[in-house]
Structures are given as C-alpha cells and as structure tokens.
Amino acid sequence: MISLSLDGPTADVPLALVADLKADLDITDSSNDLRLERLLLTASSMVLAYIGRPILSGEWTEEFRLSPSERIEEIVLGVVPVTEIKTVSHNGADWSADQVADLILDKRAGLLSLPLKRHPFWRAGLYGITFQAGYVPPSVDANNVVQPGTLPRVISQAALMTASALFLGGSRDPNMKSETVQGVGSTTWNSASGTGGMPQAAADLLDNFRGELM
C-alpha cells in the first residue's frame, strides 16, 4: 500500500495558552503580550516540525494505491485520532453513505477495516478517503472561557518550554554561553543539536509522538 498524498489544515496555531506562558515566566502585566503570542506561535511551529507528522484537528483527505498482489486488511490513516470517516472513493467512484458507515474504524490507531460480513481484504486500486482527525489545542473562546482541547499536555508543555527559552534568550548575546552574577550564581545556555532549535528537555517530551511525514 502506498500513501500518495495527505492534504489538510496548514494554518499555524498556538499549541498552548499565552496565560500559561506568562505564568511560567512570572509575568503579570500585558506589556509583552504581543511578543509572547508571536513567540508561542513560533515555538508551536518548531514543535510541529520536530514531531514531523500532522497531528492537528481538521478535515483530511488521503489517497492510497493498492496493487493487485497486496492483501491488505487494514488501511492506516495518516492522522490520529480519527473521529469520523466522511467519504470513500475507489477508482473515482464514490461509496454510498451506508458503505462508509459499515466500515470498522479504530479511532485511536487510525485503522480502517472492511465490515466482517464482506471480503476481509481491500481490493486493488486507487482509494480517496476524507476523514476528520487530529488533536485540538487548548484555546480561549469568545466568552473568555478556557477550552482545554484534546492535545496531549506534554506537547503543549514542549511548546511552552520552547517559547520561554525564546523569550529569555532574546535579551542576551546569542554568542554568550554562560553568565555569572555575583551573589546570585551562574547560568549556562546549551545549544542542543538535532532538536530544531528547541531546548533538549522540550524535545525529549516529544519523542513518543515523532514520525515520518506520510
């Protein structure tokens, strides 16, 4: 089975709340809000790039090609968790709503199987599947009420840690590796390699979510 394409949401969205970033930085006023919003968006893009596969909620369309020699019982969709299969086509012909409803879906794993009463293997050809899938980041609605979303907390935490590092690092010379303040102590900044510019601790939180782009 070959996944030919995967199309879906492309807009940048923050993976955490600015209020949480301010709390982490002990900021109580609003003078830096615009900068914090920008840094959080940048940090979120870094997190998504490091994960390396789509994870955000939206309507996705994926195409697969199965060869006649393949005996495939499950199609693996490229975004999880899956909440709904909307349409399926085979060689350009749309399946009926009843055919789509009869499919067996493992939402968490994104595995799509044919109903047990039918032949268990998917027929060869070109499939197009439109589905709703992905995680919803936390947000604040129009009534200023926090909506927690469904995004795993560790992903939001990685974005917050990265945004904090960007904020704290913006006021120092990028060539400075350490600083000592008499009576206070010393601080050392390490440039982690292979993390896409994120702190190593933030990258470590994301290892279980990493994958190849489909």
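User: How many helices and strands does the protein chain have?

Analyst: In this predicted model, the protein chain has five helices and 12 strands.

User: And what share of the residues is buried?

Analyst: Of the 214 residues in the protein chain, 36% are buried. If you look at contacts between residues at least 6 apart in sequence, 73% of them join residues that are at least 24 apart.

User: Let's go to helix H1, then. Which of its residues are buried?

Analyst: Helix H1 covers residues 18–25, and its buried residues are Leu 21, Lys 22 and Leu 25. These residues lie on the same side of H1, because the arc they cover around the axis is only 100 degrees. An α-helix has 3.6 residues a turn, so residues three or four places apart point the same way.

User: What sits on the face turned away from the buried side of H1?

Analyst: That face carries Ala 19 and Ala 23, and these residues are exposed.

User: Lys 22 is a lysine, so why does it count as buried?

Analyst: Lys 22 counts as buried because its relative accessibility is 14%, and the cut-off for buried is under 20%. Leaving aside neighbours within four places in sequence, Lys 22 is in contact with Ile 27, Asp 29, Ser 30, Asp 33 and Leu 36.

User: How do H1 and H4 pack, in terms of angle and distance?

Analyst: The axes of H1 and H4 are 10 Å apart, and the two helices pack at an angle of about 55 degrees, so they are oblique to each other. The crossing in which H1 passes H4 is right-handed. On the H1 side the contact is made by Asp 20, Leu 21, Asp 24 and Leu 25, while H4 contributes Arg 153, Gln 157, Leu 160, Ala 163, Ser 164, Phe 167 and Leu 168.

User: What kinds of residues are in the contact of H1 with H4?

Analyst: They divide into six nonpolar, two polar and three charged residues.

User: Now H2 and H4: at what angle do their axes cross?

Analyst: The axes of H2 and H4, the latter being residues 153–169, cross at roughly 125 degrees and come within 8 Å. H2 and H4 are therefore oblique to each other, and their crossing is right-handed. Among the residues that make the contact are Leu 36, Leu 40, Ser 44 and Val 47 of H2, together with Ile 155, Ala 159, Ala 163 and Phe 167 of H4.

User: How many of the residues in the contact of H2 with H4 are nonpolar, polar and charged?

Analyst: The residues of the contact of H2 with H4 divide into 14 nonpolar, three polar and one charged.

User: You mentioned Ser 44. Is it buried or exposed?

Analyst: Ser 44 lies in helix H2, which covers residues 33–51, and it counts as buried because its relative accessibility is 0%. Not counting residues up to four places away in sequence, Ser 44 touches Val 13, Pro 14, Leu 15 and Ala 159.

User: Where is Asn 91, and what is its phi?

Analyst: Asn 91 is found in the loop between strands S4 and S5, and although it is not a glycine, it has a positive phi of about 55 degrees.

User: Which peptide bond is cis?

Analyst: The peptide bond from Val 80 to Pro 81 is cis, with omega near -10 degrees. Pro 81 lies in the loop between strand S3 (74–76) and strand S4 (82–90).

User: One last topic, the strands. What is Ser 113 in contact with?

Analyst: Ser 113 is found in strand S7, residues 111–113. Leaving aside neighbours within four places in sequence, Ser 113 is in contact with Glu 73, Glu 74, Leu 103, Ile 104 and Trp 122. At 15% relative accessibility, Ser 113 counts as buried.

User: And Asp 106, how does it count at 35% relative accessibility?

Analyst: Asp 106, which is found in strand S6, counts as partly exposed at that value of 35%. The C-alpha atoms of Asp 106 and Glu 74 are separated by 9.8 Å, and these two residues are 32 residues apart along the chain.

Key. Residues are numbered from 1 along each chain as its sequence is written. This is a predicted model: local features need pLDDT of at least 70, side-chain atom pairs count only at pLDDT 80 or more; totals for chains, interfaces and linings use all residues. Side-chain values use heavy atoms; hydrogens and water are left out. Helices (H or I, at least four residues) and strands (E, at least two) are DSSP runs, numbered from the N terminus. Buried means under 20% relative accessible area, exposed over 50%, partly exposed in between (1.4 Å probe, protein chains only). Contact means heavy atoms within 4.5 Å. Axes are lines fitted to C-alpha atoms, for helices over the stretch in contact, and angles run from 0 to 180 degrees between N-to-C directions. Angles under 35 degrees count as roughly parallel, over 145 as roughly antiparallel, 65 to 115 as roughly perpendicular and the rest as oblique. A crossing is left-handed if the near helix is turned anticlockwise from the far one by less than a right angle, and right-handed if clockwise. Ala, Val, Leu, Ile, Met, Phe, Trp, Tyr, Cys and Pro count as nonpolar, Asp, Glu, Lys and Arg as charged, and the others, Gly among them, as polar. The arc is that of the directions from the helix axis to the C-beta atoms.
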